Structures are given as structure tokens and as C-alpha cells.
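Biologist: I would like to learn how to read pockets and helix packing in a model. Could we work through one case?

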Amino acid sequence: MTNMWEAAVEAQIRSAQERGEFDNLPGAGKPIPGRNLPYDESWWIKSFMEREKLPSELLLPTPLQLRRRVERVPDEVRELPTEQAVREHCALLNTEIMAWLRLPTGPRVVVRPVNVDAVLRRWRDERRSAVASPAPPTAVAVDRSPRRAWWPWRRRSAA
């Protein structure tokens, strides 16, 4: 039974070759990518992200993504036209940070909300100095006020 099936498949392949359906296929004559590399369990994720041109930081856990976004705030607000737009940008990011702080997932990484006043001060200074010469980027200011621990306190039962 399997011999008949294999013969039918071989006949179809042979007739397709004769019709030239396998001629000029994309990648013909080129080596198979990754053929001599060791096996990688996440090969399909990497190839998907490369094919779709997605940033690799999407694979990071949420707290690390948030920290990267906080680090990029000065660059992101630099071109915003008004103070209100800067405030809205920071408020949006702070909303996401606070939502994560309420229900944290992933590794325990310190993520603090963005200090909107410090970002605005820097934005104004860059606006003023834009006429003279651009200033080199510095670290973003974050709110350093003491905070309560986010994890729930364990209740001690009376034994």
C-alpha cells in the first residue's frame, strides 16, 4: 500500500520537474541558512523577529522593557512641541509603570516612575540651548522618594 502511494508521489514530482515547475525557485543554488549551526530551540522566534523586523527588546520581561523606556524618555520628548505633550507622554509611561507595580510579573527589578518636573526642566533647557548648541544626553531623572514595598506583608498566624 505504501509503495503505491510513494510511486504516485514520485510520479507527480517527476511530471512537475518535466513541466519546469521547480526551475527558477527563490533560493535555488543557495545554501540552506543555518545548516552548519548547532540546534537552537528558539530558532523560529529569532527567524520570525528577523523576518518581520521586530526589535529584540520585545523578548525582555516587562520591568526591563519599562526601564528601557524610562531611559529613552529624554530622546522621545525632545521633539515634542509643547509642555502639555511632554506631560502627557510622561503620564502615559507612569501609568504603565504604576500598573506593573500593582501586579508585578517577571524578575524583581526596581522601576520608578518618571519625574515629570525634572523631564520638563530638561526639555525647557534643551529648548533654550537649541539655538546655541545641542547638549549631550544625560540620564533621566526619576522620582527618588521613599516608597512602600510592593509585595504583600505576610500575616503571622497565632499558633
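Biologist: Which residues line the second largest pocket?

Modeller: The lining consists of Pro33, Gly34, Leu37, Pro38, Tyr39, Asp40, Trp43, Lys46, Ser47 and Arg51. A pocket is an open set of points on a 1 Å grid over the protein atoms alone, where a 1.4 Å probe fits, with protein on both sides within 12 Å along at least five of seven lines; lining residues have an atom within 4 Å of a point. This is a predicted model, where local features need pLDDT of at least 70 and side-chain atom pairs pLDDT 80 or more, while totals for chains, interfaces and linings use all residues. Residues are numbered from 1 along each chain as its sequence is written, and side-chain values use heavy atoms, without hydrogens and water.

Biologist: What are the volume of this second largest pocket and the classes of its lining?

Modeller: Its volume (the space filled by probe spheres set on the points) is about 300 Å³. Five lining residues are nonpolar, two polar and three charged; Asp, Glu, Lys and Arg count as charged, and Gly as polar.

Biologist: At what angle do helix 3 and helix 5 pack?

Modeller: Angles run from 0 to 180 degrees between N-to-C directions. Helix 3 (residues 62-71) and helix 5 (residues 83-102) pack at about 155°, their axes 11 Å apart. Helix 3 is therefore roughly antiparallel to helix 5, a label for angles over 145 degrees. Thr62, Pro63, Leu66, Arg69 and Val70 of helix 3 make the contact (heavy atoms within 4.5 Å) with Leu93, Glu96, Ile97 and Trp100 of helix 5.

Biologist: Which residues of helix 5 meet helix 6?

Modeller: Glu83, Val86, Arg87, Cys90 and Asn94 do, and their partners in helix 6 include Leu120 and Trp123. Helix 6 covers residues 116-129, and the two axes lie 10 Å apart at about 145°. This contact has six nonpolar, one polar and four charged residues.

Terms used: Helix = DSSP H or I, 4+ residues; strand = E, 2+ residues; numbered from the N terminus. Parallel < 35°, antiparallel > 145°, perpendicular 65-115°, else oblique.
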